[in-house]
Every structure is written in structure tokens, then in C-alpha cells.
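Me: I would like to learn how to read a protein structure. Can we walk through one together, feature by feature?

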Amino acid sequence: MKIFYSSASPYSTKVRMAAHYAGLDAEHVATDTNTDPAELIAANPLGKIPTLVTDEGLGIYDSRAIMHFIDRQTGRSLYPRSSAKRTEADVLEATADGICDSLLAIVYERRFRPEEKVHQPWIDRQWGKVERALDQLEKTMPRLGKKPHGGHFALAAMLRYIELRFAGKWQKGRPKLKRYLSRFEAVFPDYAKFKD
């Protein structure tokens with residue numbers, strides 16, 4: 001199996017950490033989506049990462065679809081079996097991924113538009129979503145036991161990304177979120193392998 005990824009992509013980080021944790025044997029292939037690599041396009045016509053390609057050549061994409069595939073392939077190791085706890089994990093993952101969606105919208109607005117065409121009200125709207133979601137996470141910080149689940153991996157990947165792109169702009173008034181990565185690394189010591 002192969003996982004096509006970019007080291008800066010929070011969705012890729014989530015999937016790669018989860019695959020490693022669950023013991024899914026897959027080669028991790030660093031990929032530049034701007035060049036539309038043939039192997040990636042053959043597996044995912046959208047040309048997005050992460051994309052997982054199975055031994056049979058099936059392309060699986062969207063990070064949550066990949067997470068669910070990993071979970072099924074590894075004996076249900078990524079998500080709680082209890083319905084209520086599974087729902088909590090799913091909502092946490094959706095929240096972390098949604099924050100990443102807004103952060104990427106800001107990054108792309110600044111990166112791909114000429115400076116005079118950058119639409120600040122759009123950036124402000126996206127940042128407002130980020131702030132609300134971070135505040136919600138701070139209030140309802142998920143319990144992190146000895147066994148992390150898909151939501152925990154998504155939260156760790158999001159915090160890594162927000163610090164990469166928005167260092168110093170999100171921590172104020174959020175001490176629990178600031179401490180989360182050190183707590184996460186205590187239950188997933190291999191986190192250091194995915195920091196770059």
C-alpha cells in the first residue's frame with residue numbers, strides 16, 4: 001500500500017500518524033500536487049492528498065474515508081466501539097478537520113491571489129470560525145486515555161498545522177489546547193516522527 005501525502009498537510013499528518021499507530025503497512029510517498037503526478041491522478045482524479053492506494057490498486061481518498069479504511073483493516077483500532085464514544089470521536093475529528101478547512105482557506109486566499117485582490121472579509125470570516133471552534137474545544141477538551149482514537153489524531157494534526165501557519169495567534173486563553181500536544185505525545189511517542 002501507499003499513502004500519498006504532503007508534510008504540511010494536516011489531513012496527511014492525521015492519516016499517516018493513524019496508519020503508523022494502527023500498524024497499517026504502507027509506504028509514505030511525499031507528493032507535490034501542483035505537478036499532477038500521474039500515479040496520484042490515476043488513484044484519485046481530484047489529485048488531492050492524502051490518497052491511499054491499496055495493494056489491489058484501489059484509490060481511497062478524503063482523509064476520513066482513509067481513516068475508516070485503516071480502522072477496518074486493523075481490527076477496529078482507531079475508533080471506540082461504544083456508540084456514544086464513537087459519536088464523540090467523530091465530532092472531534094469533524095471539528096479539527098473543519099478548523100483545518102478554514103485555515104487552508106485563509107492560506108490559499110493569501111497565497112494565490114495578488115495582494116490587491118485578497119479579500120480580508122473572507123479571511124476574517126474564516127478566522128472567526130477557527131476562533132469559535134478552538135474556544136469550543138477548550139471548553140470541552142476531550143479526554144485522552146492510553147489509547148488515542150481518530151479524533152485525537154485529527155486534533156493533534158490540526159494543532160501542528162495551526163502552529164506551523166499561525167504561530168502565536170491562537171494560544172491566548174486556551175491553556176488546555178496549548179498542553180494537548182505534549183499530552184498526546186505521552187500516549188503516542190512516535191508523534192515526533194511526524195513533526196516535519
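**Reading the fold step by step**

Reply: Start with burial. Of the 196 residues of the protein chain, 46% count as buried. Keep in mind that this is a predicted model.

Me: What does the accessible surface of the protein chain come to?

Reply: About 10400 Å². Carbon and sulfur atoms hold 50% of that surface.

Me: Which elements should I look for, and in what order do they run from the N terminus?

Reply: Look for seven helices and four strands. The order is β-α-β-α-β-β-α-α-α-α-α.

Me: How do I read the sheet? In what order do the strands lie?

Reply: The order is β2-β1-β3-β4, in an open sheet with mixed pairing. Strands β2 (27-30) and β4 (59-61) are the edges, and each pairs on one side only. Neighbouring strands are turned by 25° against each other on average, direction ignored.

Me: What packs on this sheet?

Reply: Helix α1 (residues 10-22) does, touching β1 (2-5) and β2. The direction of α1 makes about 155° with that of β1. Helix α3 (residues 63-73) lies across β3 and β4. Against β4, α3 runs at about 120°.

Me: Now the charged side chains. What is the general idea?

Reply: Side chains of opposite charge can pair when their charged atoms come close. In this structure the count comes to 10 salt bridges.

Me: Which residue meets Arg64 in a salt bridge?

Reply: Asp97 does, at 3.1 Å from N to O. Arg64 lies in helix α3 and Asp97 in helix α4 (residues 83-112), so the pair ties together parts that are 33 residues apart in sequence.

Me: Are these two buried or partly exposed?

Reply: One of each. Arg64 is partly exposed, with a relative accessible area of 31%. Asp97 has 5% relative accessibility, so it counts as buried.

Me: How far apart in helix α4 are Asp90 and Arg86?

Reply: Four residues, so about one helical turn separates them. They form a salt bridge, with the closest N and O atoms 3.0 Å apart. Asp90 is partly exposed at 29%, and Arg86 is partly exposed at 22%.

Me: Which residue forms a salt bridge with Glu109?

Reply: Arg113 does, and the closest N and O atoms are 2.9 Å apart. Glu109 counts as buried at 8% relative accessibility, whereas Arg113 is partly exposed at 43%.

Me: One last reading. Among contacts between residues at least 6 apart in sequence, what share joins residues at least 24 apart?

Reply: In the protein chain, 67% of those contacts do.

Definitions and conventions:
Residues are numbered from 1 along each chain as its sequence is written. This is a predicted model: local features need pLDDT of at least 70, side-chain atom pairs count only at pLDDT 80 or more; totals for chains, interfaces and linings use all residues. Side-chain values use heavy atoms; hydrogens and water are left out. Two strands pair if DSSP finds at least two bridges between them. Helices (H or I, at least four residues) and strands (E, at least two) are DSSP runs, numbered from the N terminus. Axes are lines fitted to C-alpha atoms, for helices over the stretch in contact, and angles run from 0 to 180 degrees between N-to-C directions. Contact means heavy atoms within 4.5 Å. A salt bridge is a side-chain nitrogen of Lys or Arg within 4 Å of a carboxyl oxygen of Asp or Glu. Buried means under 20% relative accessible area, exposed over 50%, partly exposed in between (1.4 Å probe, protein chains only). Accessible areas come from the Shrake-Rupley method with a 1.4 Å probe; for residues, only the protein chains shown count as cover.
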